[in-house]
Amino acid sequence: MSEKDISGKKVAFLMTDGVEQVELTDPWDAVKQAGGEPVLVSPKSGSIKGFNHTDPGDDFQVDVTAANAKADDYDALVLPGGVFNADQLRADKGSQEFTRSFFSSQKPVAVICHGPWIMIEAGVVDGRKMTSYHTLATDLKNAGATWVDEEVVTDSGLVSSRNPKDLPAFCSKLVEEVAEGKHSKQTV
């Protein structure tokens, strides 16, 4: 398997209504182009509504609910942003547990923009170096993370980026980390 080939790997995308659409579609396409299988996981069943900033976008079909999803069934997790999406996810206990389980399983996690809110609630950012949308810097620092203002940050299987402008670098690093597999320092 080459560095950019993730054939046979399943990648969970955890999100709900209000997800920043391009932060879903670009990484989703990157996973598919590298041979992986993206799966949409959400606290709700049916479909979710993407957003282009504050404007409603497309609908996306949910494959499995967070309450029924198990990290054992996936090789990595992607947490797209979007204020509405991230704010709802962080309040959902099933989403918190699903997110936490990727860290305890030492599997790659990629998060962008407002996505780290769920990670803060899941208790998995303490001691990690990461970035996010600039308005989350204080939240992440208060939760024990070292926040930096960089396009993409990789810390032992955790990939983070700031906003949609960072998507090319984010998608490349996401695929690279999925290809590498488990990271022993990726833990709760």
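Is Asp-166 buried or exposed? I began my notes with this residue, working from a predicted model. I found Asp-166 buried, because its relative accessible area is 3%, under the 20% limit.

**Entry 1: Asp-166**

I placed Asp-166 in the loop between β12 and α6 (167–180). I then listed its contacts, leaving aside neighbours within four places in sequence, and got Glu-150, Glu-151 and Ser-161. I also looked up Glu-23, which is 143 residues from Asp-166 along the chain. The C-alpha atoms of Asp-166 and Glu-23 are separated by 9.8 Å.

**Entry 2: the whole chain**

I went on to the overall figures. I noted 6 helices and 12 strands in the secondary structure of the protein. The C-alpha trace spans about 40 × 35 × 30 Å along its principal axes.

I looked up burial for the protein: buried residues make up 54% of the 188 residues. For the accessible surface I wrote down about 7,900 Å², with 44% of it belonging to carbon and sulfur atoms. Of the contacts with a separation of 6 or more, 65% are between residues 24 or more positions apart. I also checked the charges, 19 positive and 29 negative, and their mean positions are 4 Å apart.

**Entry 3: the nonpolar cores**

Which residues have the most contacts inside the largest nonpolar core? I noted Val-41, Tyr-74, Phe-98 and Met-119, in a core of 31 residues. At least two residues of this core come from each of β1 (10–14), β3 (37–42), β7 (76–79), α2 (83–90), α3 (93–104), β8 (109–112), α4 (116–122) and α5 (137–142). The element that gives the most to this core is α4, with 4 residues.

I looked up Tyr-74 separately. With neighbours within four places in sequence left aside, the contacts of Tyr-74 include Lys-10, Val-11 and Ala-12, as well as Val-39 and Val-41. Also among them are Val-64, Ala-69, Phe-98, Phe-102 and Lys-107. Another core, of 26 residues, lies apart from the largest one, and I listed Leu-40, Cys-113, Phe-170 and Val-178 among its members.

**Entry 4: Ala-69**

I followed Ala-69 from the contact list of Tyr-74. Ala-69 lies in the loop between β6 (64–65) and β7. I recorded Ala-69 as buried because its relative accessibility is 7%. Beyond neighbours within four places in sequence, Ala-69 is in contact with Val-41, Val-64, Tyr-74 and Phe-98. Ala-69 and Gly-94 are 25 residues apart in sequence, and I noted 8.8 Å between their C-alpha atoms.

**Entry 5: Leu-158**

Where does Leu-158 lie? I found Leu-158 in strand β12. Leu-158 has 0% relative accessibility and therefore counts as buried. Not counting residues up to four places away in sequence, Leu-158 touches Phe-103, Val-109, Val-111, Met-119, Arg-128, Met-130, Val-153 and Gln-186. Met-119 is one of the residues I had listed for most contacts inside the largest core. For Leu-158 and Glu-20, 138 residues apart in sequence, I wrote down a C-alpha to C-alpha distance of 20 Å.

**Entry 6: His-114**

I placed His-114 in the loop between β8 and α4. His-114 is buried, as its relative accessible area is 7%. What does His-114 touch, not counting residues up to four places away in sequence? I listed Gly-81, Gly-82, Val-83, Ala-86, Tyr-133, Thr-135 and Leu-136.

**Entry 7: positive phi**

Most residues other than glycine have a negative phi, so I looked for exceptions. His-53 has a positive phi of about 60° and is not a glycine. I found His-53 in the loop between β4 (47–52) and β5 (55–61). With 60% relative accessibility, His-53 counts as exposed.

Ser-156 also has a positive phi, near 50°. I placed Ser-156 in the loop between β11 (152–155) and β12 (158–161).

Note on methods
Residues are numbered from 1 along each chain as its sequence is written. This is a predicted model: local features need pLDDT of at least 70, side-chain atom pairs count only at pLDDT 80 or more; totals for chains, interfaces and linings use all residues. Side-chain values use heavy atoms; hydrogens and water are left out. Buried means under 20% relative accessible area, exposed over 50%, partly exposed in between (1.4 Å probe, protein chains only). Contact means heavy atoms within 4.5 Å. Accessible areas come from the Shrake-Rupley method with a 1.4 Å probe; for residues, only the protein chains shown count as cover. Lys and Arg count as positive and Asp and Glu as negative; His and the chain ends are not counted. The place of a charge is taken as NZ of Lys, CZ of Arg, CG of Asp or CD of Glu. A nonpolar core is a set of buried Ala, Val, Leu, Ile, Met, Phe, Trp, Tyr and Cys residues joined through side-chain atoms within 4.5 Å.
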